[in-house]
Amino acid sequence: MWILVNGLAFALYLLAAFLGRPRVLPVQRAARPLPGRDLSSLAMLLAWLAHAGTFALVLEGMHEPDFGFAPALSLTFWLVAAVYWVESLYYPLQGLRSWICLLAAISLLLTWFFPPYRLAPPGAGIAFSLHWAMGIAAYGLFGAAVLHGAMLWSAERALHQRRPGLAGLGPALPLLTLEKLTFRLAALGFVLLTAALVFAALFSTRLFGRPFEFNHQTVFGVASWLLFAVLLTGRRVLGWRGRRALRWLFSGSALLLLSYVGSRFVLQVILHR
């Protein structure tokens, strides 16, 4: 059952990505709705619901819970898609749709090919579940912030260097509005990341008698938190904007990706633990 629902979500995401792909139309047709946009929107909604169905099957006990890197990525892009849907009600962000759907489809594909990792630390209790949930939610918000940041970077590059931006990442809305959305998502992600680290300290203290284990996951997680703290402080106090702020956002997000997904990938795929 799970593989059927997962496969349906995968196919619908690919369909939405294809229908919503960036296309260049003649100037006289630019004001008209692009062909396939409505169908792309519907396909993405159906894909998102089918994707949600895979998590519902886990909650209903019809599929084993998996804490590996592939399901973490899958849940992350499901949350990114949810953030996109909420924002698209208020802002014209159709250019992001194809990218989000393609990334979500890839994340689903990964869950088919990599071995499951279903072990939660014994005795960790509810603190581990809260840590994992908050951490994945932070992944989703920072993932959405990175996609918005890519739009902002592409638009600024096109503006200053007079070169075309990346396909589908053009300035669909004013740059100041896009920048505000980008770092608002980053601020919300920072709050959830802070909560995730607090719950991690709680279950680590319960299991090992100390707040943190010194390992790659801890180092990358704390380092990403510090980078985001510097970024948000720099924007608030020093007025950081543009490429400087985006470099901090991208760097922190890369470290955050390495902290859980990267460490689980190494353990599962390379070390087979």
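Which helix gives the largest share of the nonpolar patch? The legends below, drawn from a predicted model, begin with that patch.

**View 1. The nonpolar surface patch formed by Ile 3, Leu 4, Leu 109, Trp 112 and Phe 113.** These side chains make up a patch of about 510 Å². The largest share, 3 residues, comes from H4. Leu 109 lies in helix H4 and is partly exposed, with a relative accessible area of 30%.

**View 2. The largest nonpolar core, a set of 59 residues.** The members that touch the most others are Tyr 13, Met 44, Ile 100, Phe 142, Phe 228, Leu 249 and Val 261. At least two core residues are supplied by each of H1, helix H2 (37–59), helix H3 (69–88), H4, helix H5 (126–161), helix H6 (175–208), H7 and helix H8 (242–270). The greatest contribution is that of H5, with 12 residues.

**View 3. The surroundings of Tyr 13.** Neighbours within four places in sequence being set aside, Tyr 13 is in contact with Ala 47, Trp 48, His 51, Trp 78, Ala 81, Cys 101, Ala 104, Ala 105 and Leu 108.

**View 4. Helix H7, spanning residues 216–238.** The 23 residues of H7 reach 31 Å from the first C-alpha to the last, close to the 33 Å expected at 1.5 Å a residue. Buried positions in H7 are Thr 218, Gly 221, Ser 224, Leu 227, Phe 228, Ala 229, Leu 231 and Gly 234. Gly 239 follows H7 and has a positive phi, near 70°.

Key
Residues are numbered from 1 along each chain as its sequence is written. This is a predicted model: local features need pLDDT of at least 70, side-chain atom pairs count only at pLDDT 80 or more; totals for chains, interfaces and linings use all residues. Side-chain values use heavy atoms; hydrogens and water are left out. Helices (H or I, at least four residues) and strands (E, at least two) are DSSP runs, numbered from the N terminus. The expected span of a helix is 1.5 Å times one less than its number of residues. Buried means under 20% relative accessible area, exposed over 50%, partly exposed in between (1.4 Å probe, protein chains only). Patches are made of residues with over 30% relative accessible area and no salt bridge: like charges are joined within 9 Å, nonpolar side chains (Val, Leu, Ile, Met, Phe, Trp, Tyr) within 5 Å. Accessible areas come from the Shrake-Rupley method with a 1.4 Å probe; for residues, only the protein chains shown count as cover. A salt bridge is a side-chain nitrogen of Lys or Arg within 4 Å of a carboxyl oxygen of Asp or Glu. A nonpolar core is a set of buried Ala, Val, Leu, Ile, Met, Phe, Trp, Tyr and Cys residues joined through side-chain atoms within 4.5 Å. Contact means heavy atoms within 4.5 Å.
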